[in-house]
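Subject: Structure handover

Hello,

Here is the structure we talked about. Please open it alongside this note, and read on for what was found.

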Amino acid sequence: MSEDLKIMEHEPLVRDRYIPEKFQFLGKRGVSRMDGVEKAGGTAQYTRDVNLPGMLFCKILASPYANALVKSVDTTKAEAVPGVRAVLRFDDPELEGKVLLGTNTKFNAGHQASDGQAFYNGKEELAVTQEQWIQGGGRVLDGFAWWEGAPSGVAIAAESLQAAEEAIRLVEVEWEERPVVMNPIESLKPGAPAAIPELNEKSNLLRKVRIEHGDVEKGFQEADKVIQFDIRRRPYTAADGEPMSNVILWRGDNLEIWAHQQQPYDGKCLLSAVTGIPLNKIKLHIPWQGCHFGHGGNPFMHHTHGFHVISAILSKRTGRPVKTLYNRRENFYGLSQDADSNTHFKVGFQDDGTITAVKIDQIVAKMGQYGIDHFEDNTRIPNLLLNYVEAQTNFAPAWWFRCEQNHNSFCFSAVFAHVADATGLDPTEVALKNDGVEGKDMEYLSKFKKDHGFPDRDSLAECIEKGKAAIDWDNKWHEPGKKVLPNGKLHGIGFTWDHEWDDNRGSASAGLIMHADGTVDILAQKPDDGVNPMGTNCEIVAEEMGLKLEDVNWRFFEETGFQMMTPDGSCNLCTDAYVSLKMARKAKKTLLEYATTTLKLIEIEYPPVFPDHKPEELDVKDSMVFVKADPENSAHVSEIVKRATLNQNGSQAPLFEWAYHRQGRYGCEDGRHRLCRQGYFAEVEVDPDTGQVDIKKIVNVNDVGKALSPETCEGQQYGGAYMAAGRVMGEEVIYDPKTGVKLNANLVDYKVATFRDIGETENILVETGMGYGPYGLVGIGEDCATVVPFVVANAIHNAIGEWVDDHPATPNKVIQAIQKAKEKGVY
């Protein structure tokens, strides 16, 4: 920690000590977005818009089978298509050893989980070695496929996209089709076909995890009631806006990439590792990005990282820039998806709603996420047990997108909702009764807050109070299945909650340079994620330096030697904002030193603008440096730095500062407790004859600590609500169970929510200042889309009096649940 600069160093458990008492820009509404004109005006250039002189177009063969081996490939007819310039086959010697293993992969990063003690504190058994993974699907262009649509066999570059597509259609492939297994439970049974024989011929088991706290059997004995239930969540996908693409161009022995990736610098690092090209000879360009929602970071997916290797080889061979791209259907084929999960719950609790034990048994398709973490992070429940099994299937590769906490939030919400139902208690009361951390109560958490500089506020209670008022909870909540509306529909209302995330990981760096006219450039590259990073970080720099907002700019498309954090994990603002804050405070200190220091240049002396003052006697506002005791004595910042130019006429060192910040490793560091909460309320009407669910209102209440850009936060809230509505009501990747062929790989049959699917959203921001980020902030990006599906599910249960235990809650499943409720005499 630097006292003179008021800069926080990395102190994992401590709140920002240097929060200003008031703000000029941060937290204010009505600030125009810096990306607004380009995006709204249609002039923003995305990766798919990049067209270079002489550019070739590359298409990759998509496997028509979900499990098949390439026996032979004949490209004779394809090569004869006019305009074809290069063909790359899976058995090409240059692809030998090209394996997609690098940062973020299971084998060299401990599956990311073992890096954080609170995030992973159990026993993990990997059933697959790194060598097996290399043989079983880690290569750039395989001679086999283990999901339908997998890039396999051959890639072709041609003068036009049409020529490349025609050539791919003419490739003659002899496939050896193999049996498929599409259900993770079935895949683990004796005699099940191997989903990837190259990975493991004898078993589809990938790993087992056991995490235990306390003694669940003792907790069940202490309970007044014990319930058990099962829920399945079927896979859904990102359905993102811009299909995958890249452009690669060689200039001598240097290579340039135009990337469509959420983690493009990781892609650059992987390309370097796979090809041996030094990092300093790879130039990365990041145009505007058409959204990923997290799936664009999958290190195992050919379309996110393998694209670069294929394009690079073809570009090198032809001496031409090469664009590799998917169409919409291919994007659905290759998209990662959330894992198919099957979960059995056993829960013990007292009659007053106190939960004594939770046992979770999960079987999940590859790359799931265990469902116990949130019970550790924000409850006082003392006895927890997770048995997690991960299985290989012939689904497209699963990966986390908005977000990796899907399974955690699903399990968390399910347990609390079922306990409230079984006790007949108001679910908000059950939530408050069990709030805490790592088995400890709110008294412990209150002491932690005081000891580490945080306000001692009850975040969950505040969220619940505001949410209940917004939806009129006290007047509308009722017993399940007991309210029929005048229109004949069943009325339902639901609640769920979780902790707010994230503020506890990532690293970033950036530079700041002030030009001779007093304007400032932020120097750092960052992929666009659509959530106003340009504007927010410029506001921070302007706020901290005392500049006009229009005097600060950030164009983050090109490499400058610095990388801000990639937009994932809902915590990049916490990390990036610390970088912007640090370098801005250092730059302001240097500026005031320039204002009060004589400049000596050989025999010439230039007096300072404020010769009779010390730096601490000055301040800056609206780009004017002034004397605190005499504000009329002022000068524009350009007068201070007019000789600090970048050209040969400069007589003073340019005002340049840079900063690096590490917010923490993946997952909570030991003892770093979650302090902010989020709460959600939903109101629905259910047609008892058709099973149609109408979402009348969703209330999002998020404690973001400090909302630097309130409208951006609210954009995440209502955007997340619609994504969540799609997930709970209809989004499902549907496969033919016998062939593994995807049946709804388009935006017509894959049912995303639209503006007509929610009657109203009300978005409420709570600002307790209890985040670990600068100014006390915590992230919001992934919360709503991840948690809201379950508040809608709870509202459906409240309406019909029976659980829909197979998600998504499509009308046919709702009708089946209504029939069960009738058989039980609910109505």
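**Cysteines**

Cys784 is buried, at a relative accessible area of 1%. Buried here means under 20% relative accessible area, exposed means over 50%, and partly exposed lies in between (1.4 Å probe, protein chains only). Before going further, note that this is a predicted model: local features need pLDDT of at least 70, side-chain atom pairs count only at pLDDT 80 or more, and totals for chains, interfaces and linings use all residues. Residues are numbered from 1 along each chain as its sequence is written, and side-chain values use heavy atoms, with hydrogens and water left out.

Cys784 is in no disulfide either; its nearest cysteine sulfur, that of Cys713, is 9.9 Å away. Cys403 is also buried, at 1% relative accessibility.

**Nonpolar cores**

A nonpolar core is a set of buried Ala, Val, Leu, Ile, Met, Phe, Trp, Tyr and Cys residues joined through side-chain atoms within 4.5 Å. The largest one has 71 residues. Phe345, Val347 and Ile355 are among those with the most contacts inside it. Helix α11 (residues 406-423) gives the largest share of this core, eight residues. Helices (H or I, at least four residues) and strands (E, at least two) are DSSP runs, numbered from the N terminus.

Phe345 is in contact with residues including Ile227, Phe229, Ile360, Phe410 and Val415, leaving aside neighbours within four places in sequence. Contact means heavy atoms within 4.5 Å. A second, separate core has 45 residues, including Ala510 and Val637.

**Salt bridges**

Side chains of opposite charge can pair when their charged atoms come close. A salt bridge is counted when a side-chain nitrogen of Lys or Arg is within 4 Å of a carboxyl oxygen of Asp or Glu. The count comes to 42.

Arg555 pairs with Glu38, with the closest N and O atoms 2.7 Å apart. This pair links distant parts of the chain, 517 residues apart: Arg555 is in the loop between β20 (552-553) and α17 (572-596), and Glu38 is in helix α1 (residues 36-41). Arg555 is partly exposed, at 39% relative accessibility.

Lys71 and Glu176 form another salt bridge, at 3.5 Å from N to O. Lys71 sits in strand β2 (residues 68-74) and Glu176 in strand β7 (residues 172-177). Lys71 is partly exposed at 47%. Glu176 is partly exposed at 34%.

Glu762 bridges to Lys697, with the closest N and O atoms 3.0 Å apart. Lys697 counts as buried, at 11%.

Arg33, Asp35, Lys39 and Asp528 are linked in a network of salt bridges.

**A buried lysine**

Lys742 lies in the loop between α19 (710-729) and β29 (761-766). Lys742 is buried yet has no salt bridge. Its nearest side chain of opposite charge, Glu148, is 6.5 Å away. Lys and Arg count as positive, Asp and Glu as negative; His and the chain ends are not counted. The side chain of Lys742 does reach the backbone oxygen of Phe332, at 2.4 Å.

Best wishes

Technical notes: Disulfide = S-S within 2.5 Å. Polar contact = N/O pair within 3.5 Å; in protein donor to acceptor, adjacent residues only side chain to side chain.
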